[in-house]
Amino acid sequence: MTAELPGVGQPPRRRLRIGALVTALTATFALLCCGGGSAAFFLTNLGGERNDLVSNEMTCEQDHKVDVTGSMPRMSDYGDSQLRNAAVIIKVGQEMKVPPRGWVIAVATAMQESALRNLANSTVRGSRDIPNEGVGRDHDSVGLFQQRASWGSIAERMTPSYAARKFYEKLLQVDGWEQLSLTRAAQKVQISAYPDAYAKHEDTAAKIVNALAKGAARTVQIADKAVCDRASAKTIAASGWTAPVPGGVGSGFRTRSRPQHNGVDIAAPKGTTKIHAAAGGRVLVARCDPDRRGRLDCDVDGFPGKGGCGWFVDILHAGGYITRYCHMVEKPLVVPGQEVKAGEVIGRVGSSGNSSGPHLHFEVHRDRDRSSAGAIDPVPWMRQRGAPLDGSA
């Protein structure tokens with residue numbers, strides 16, 4: 001297990017109000033819960049309002065039928081009509097037998113293109129005469145997905161069920177779409193001038209799918225069936241997340257005996273156990289973390305009190321989330337700036353750094369905050385995404 005270090009992982013400070021501008025700080029933070037010594041990081045402004053979807057804690061059920069006519073859940077950034085449009089998108093996906101991952105991609109795409117509103121177009125004659133929820137003016141694009149004239153008539157493109165069906169038809173023609181990142185899959189369909197814009201909606205889209213379709217974003221496809229809470233390694237949940245290694249949590253997040261422990265420890269055999277990226281993203285850090293004495297000797301087994309995370313990786317994901325993977329047996333298989341897919345192998349389990357035995361120390365941080373203040377308990381967080389860290393439902 002990873003021993004606590006003095007001054008590392010202090011109890012969370014009062015968080016800044018989301019959406020406010022935060023002046024960039026250059027103060028040194030003792031970043032790694034298992035880390036030592038000389039780590040320092042530069043915080044940038046946080047930005048973005050946190051969505052408040054009350055159904056996010058719902059239980060995952062096998063029956064994922066969506067009700068497009070019933071009451072809609074409440075959400076800070078999306079009203080009743082917008083969520084009802086999302087329900088239509090999901091229902092069409094169900095009718096076409098598209099796996100739930102496709103529903104998340106489709107909802108996220110409509111969030112980016114129209115904010116889930118059925119838009120007319122000020123430059124498209126007759127579009128304003130059709131029932132709509134706002135007026136845009138992008139070329140000849142209309143509807144939830146801002147589809148252009150080649151996708152159908154104005155009336156068809158402004159019919160949510162038709163627009164969703166056309167999106168799915170094109171998505172299903174993309175080779176290997178289920179293994180692609182949400183941004184790449186959506187871009188293959190939409191061919192947008194802003195191809196990187198879809199990713200920021202992935203987490204909220206998954207929450208919407210969970211709320212409207214009884215936890216469907218928490219499922220994985222096993223033998224053509226959607227199974228709840230079983231995403232692990234190369235098996236990716238519809239949310240886009242997976243558990244990084246199999247095995248149960250041995251040491252928890254900020255326990256009474258270890259209040260400065262900013263992640264969880266998952267025991268696994270040294271050298272043979274592959275560590276998988278928990279979701280698609282960009283590698284921020286991949287290096288040897290100095291111990292308390294500033295030594296960079298991560299190629300040997302560590303010990304309690306040594307300090308440092310050993311060989312470790314930080315990955316930035318959609319929504320400003322960061323995952324951290326510590327104590328690798330050797331130099332990581334990825335480099336800073338590299339884009340990785342969910343489930344991609346990034347290293348192997350070891351015992352380098354501040355460690356008492358082979359295990360993966362795993363952390364989740366929010367708001368792009370890599371300090372201890374940004375750390376959250378990864379156990380419920382990963383379970384909500386269908387990738388429980390105990391490896392079972």
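Reply: Helices here are DSSP runs of H or I with at least four residues, numbered from the N terminus. The model is predicted, so local features need pLDDT of at least 70 and side-chain atom pairs 80 or more, while totals for linings use all residues. Numbering starts at 1 along each chain, and side-chain values use heavy atoms, without hydrogens or water.

Start with the second largest pocket. Its volume is about 460 Å³. (A pocket is an open set of points on a 1 Å grid where a 1.4 Å probe fits, with protein on both sides within 12 Å along at least five of seven lines; the volume is the space filled by the probe spheres.) The lining of this pocket counts 20 residues, each with an atom within 4 Å of a point. Nearest the centre lie Glu113, Gln146, Gln190, Ile191 and Ser192.

Two helices each give at least two lining residues: α2 (100–114) and α5 (182–190). The biggest share comes from α5, with three residues. By class, the lining has seven nonpolar, eight polar and five charged residues.

Now take Glu113. This residue sits in helix α2. Glu113 touches Leu144, Phe145, Gln146, Gln190, Ser192 and Tyr198, leaving aside residues up to four places away in sequence. Contact means heavy atoms within 4.5 Å. Between Glu113 and Ser192 lie 79 residues of sequence separation, yet the C-alpha atoms are 9.3 Å apart.

Turn to another helix pair. Helix α1 (residues 80–95) packs on helix α6 (residues 202–212) at an angle of about 80°, with axes 10 Å apart. So α1 runs roughly perpendicular to α6, a label for angles of 65 to 115 degrees. From α1, Leu83, Ala86, Ala87 and Ile90 meet Ile208, Val209 and Leu212 of α6. That contact of α1 with α6 has seven nonpolar residues, no polar and no charged ones.

Helix α6 also holds Lys207 and Asp203, four residues apart, about one turn of the helix. Lys207 forms a salt bridge (Lys or Arg side-chain nitrogen within 4 Å of an Asp or Glu carboxyl oxygen) with Asp203, the closest N and O atoms being 3.5 Å apart.

Note on methods
Nonpolar A, V, L, I, M, F, W, Y, C, P; charged D, E, K, R; others polar. Axes fitted to C-alpha atoms, helices over the stretch in contact; angles between N-to-C directions. Parallel < 35°, antiparallel > 145°, perpendicular 65-115°, else oblique.
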